[in-house]
Amino acid sequence: PKPSGGPNPEQMAREVLADLIGKWLQSENQNLVKMAQRAVKGAESTLAAAEAEARRAVARLDKRRDKVRTKSGQPNVVHQVIDRKIQEHNATLERAAFTRRVNNELLRLAEDYEDSTEEEARDPFEAFLRPRVFTHTPL
């Protein structure tokens, strides 16, 4: 599901593509299609790490939740706090899934283009020294 009230993955992908084209126009000797593919690949690794951390956090919280009970039968504030934290992590997972759908749609849109720009061979360490070309997460 998309974040409430927000654009759907197709609309968001078109907006991201427009931003990417703006960056491409400012660049020199970058192939638009390859630039989009690199951007999605970089975003995917960040996304996978965020998802893994959210899943680990939910598992840890679930374990701790089951260990604390109230003696008097009063509302368990520990459970309430943990439940809120779990909801936050689940929201992160939902946003990650939405972002992945946007990325897949972006790749589909980019495949519709052909760019004959020949990119220069790059130093493999250059990517570590320059800012990322593309980051988008509707977080």
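**View 1. Glu44 and its salt-bridge partner Arg100 in the predicted model.** Glu44 counts as partly exposed, its relative accessibility being 26%, and Arg100, with a relative accessible area of 22%, is likewise partly exposed. The closest N and O atoms of the salt bridge between Arg100 and Glu44 are 2.5 Å apart.

**View 2. The salt bridge between Arg56 and Glu53.** The side chains of these two residues meet at an N to O distance of 3.1 Å. Arg56 and Glu53 are three residues apart in helix α2, so about one helical turn separates them. Arg56 is partly exposed, with a relative accessible area of 46%, and for Glu53, also partly exposed, the value is 36%.

**View 3. The salt bridge between Arg65 and Asp83.** The closest N and O atoms of Arg65 and Asp83 are 2.7 Å apart. Because Arg65 lies in helix α2 and Asp83 in helix α3, the pair ties together parts that are 18 residues apart in sequence. Arg65 counts as partly exposed at 23% relative accessibility, as does Asp83 at 29%. The structure as a whole holds six salt bridges.

**View 4. Arg108 in helix α3 (residues 77–111).** Arg108 is partly exposed, with a relative accessible area of 45%. The C-alpha atoms of Arg108 and Glu10 are separated by 10.0 Å, although the two residues are 98 residues apart along the chain.

How values were computed
Residues numbered from 1 in each chain as written. Predicted model: local features only at pLDDT ≥ 70, side-chain atom pairs only at ≥ 80, totals over all residues. Heavy atoms only, no water. Helix = DSSP H or I, 4+ residues; strand = E, 2+ residues; numbered from the N terminus. Buried < 20%, exposed > 50% of the residue type's maximum accessible area, 1.4 Å probe, protein only. Salt bridge = Lys/Arg side-chain N within 4 Å of Asp/Glu carboxyl O.
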